[in-house]
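Subject: A structure for you to look through

Hello! I am handing over a structure for you to explore, and my notes follow just below it. Have a look around first, then read on.

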Amino acid sequence: MTQVKEKRFVAHFEDMPQRIGREIVIDGNRIAVFRLLDDRVKAIGGVCPHTHGPLAEGIVSGEFVYCPLHEFKVSLLDGKVQEPDNGCVATYDTLVEDGQVFVIV
C-alpha cells in the first residue's frame, strides 16, 4: 500500500533564524527543523536516539546538530549519528514555497 505524502506548514521562512532549531509535532512525531547558513532547510526526527534529548535545542555546526544532553553529533542530511557513537533518526523532505516552509510527511 502506497502512503500518500502531504506537506505540513512549519513557519514563514523569514521567521526561521539560521542555525536555530524549531520543534514541531506532526501526528505525534517530534520533528526538528533547521535553516542552515546557506538557507537550506532540513528536518530530522526531534529526539536523540541516545538519551531522548530535544535535537531542536542542539547546537548546529555545518550540516550537523549536537544533542544538547550528551553532544551526540547527528547529520542533518541523513539522520545518522556520527562515530564513535551510533544510531540514527528519521529524515524528512522539506519544501520552501512562497516564503513558507513545509515538511513532507
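One definition first: a residue is called buried under 20% relative accessible area, exposed over 50%, and partly exposed in between, using a 1.4 Å probe and protein chains only. Please keep in mind that this is a predicted model, where local features need pLDDT of at least 70, side-chain atom pairs count only at pLDDT 80 or more, and totals for chains, interfaces and linings use all residues. Residues are numbered from 1 along each chain as its sequence is written, and side-chain values use heavy atoms, with hydrogens and water left out.

**The chain as a whole**

How many helices and strands does the chain have? The count is 0 helices and 9 strands. Here helices (H or I, at least four residues) and strands (E, at least two) are DSSP runs, numbered from the N terminus. Along the sequence, the pattern therefore reads β-β-β-β-β-β-β-β-β. The radius of gyration is 13 Å, close to the 13 Å from the globule rule for 105 residues, so the chain is as compact as a globular protein of that length. That radius is taken over C-alpha atoms, and the rule is 2.2 Å times the number of residues to the power 0.38.

Along the principal axes, the C-alpha atoms fill a box of roughly 40 × 35 × 20 Å. Of the 105 residues, 34% count as buried. The chain exposes about 6,300 Å², with carbon and sulfur atoms supplying 48% of that area; accessible areas come from the Shrake-Rupley method with a 1.4 Å probe, and for residues only the protein chains shown count as cover.

Contacts (heavy atoms within 4.5 Å) also tell us about the fold. Among those with a separation of 6 or more, 38% are between residues 24 or more positions apart.

**The nonpolar cores**

A nonpolar core is a set of buried Ala, Val, Leu, Ile, Met, Phe, Trp, Tyr and Cys residues joined through side-chain atoms within 4.5 Å. Which members of the largest core touch the most other members? They are F34, I44, L55, V65, V74 and L76, in a core of 15 residues. Apart from that core lies another, of 12 residues, including M16, I26, V33 and A43.

Leaving out residues up to four places away in sequence, V74 touches I44, L55, E63, F64, V65, G79, K80, V81 and V89.

P84 sits in the loop between β7 (73–75) and β8 (91–97).

D27 belongs to the loop between β2 (22–26) and β3 (29–35). Is D27 buried or exposed? D27 counts as exposed because its relative accessibility is 61%.

H52 is another residue other than glycine with a positive phi, near 65 degrees. Its loop runs between β4 (41–45) and β5 (59–61), and at 56% relative accessibility H52 counts as exposed.

**From β3 into β4**

The loop between β3 and β4 holds L36, and D39 is in that loop as well. L36 has 2% relative accessibility, so it counts as buried. D39, at 33%, counts as partly exposed.

L36 touches Q18, K42, V60, G62, E63 and L76. D39 touches F13 and Q18.

V41 lies in strand β4. With a relative accessible area of 6%, V41 is buried. Beyond residues up to four places away in sequence, V41 touches F13, V33, F34, R35, T94, V96 and V101.

**Towards the start of the chain**

V4 is in the segment before β1 (7–12), and at 72% relative accessibility V4 counts as exposed. V4 and V41 are 37 residues apart in sequence and 22 Å apart in space, C-alpha to C-alpha. V4 and E97 are 93 residues apart along the chain, and their C-alpha atoms are separated by 20 Å.

Enjoy exploring!
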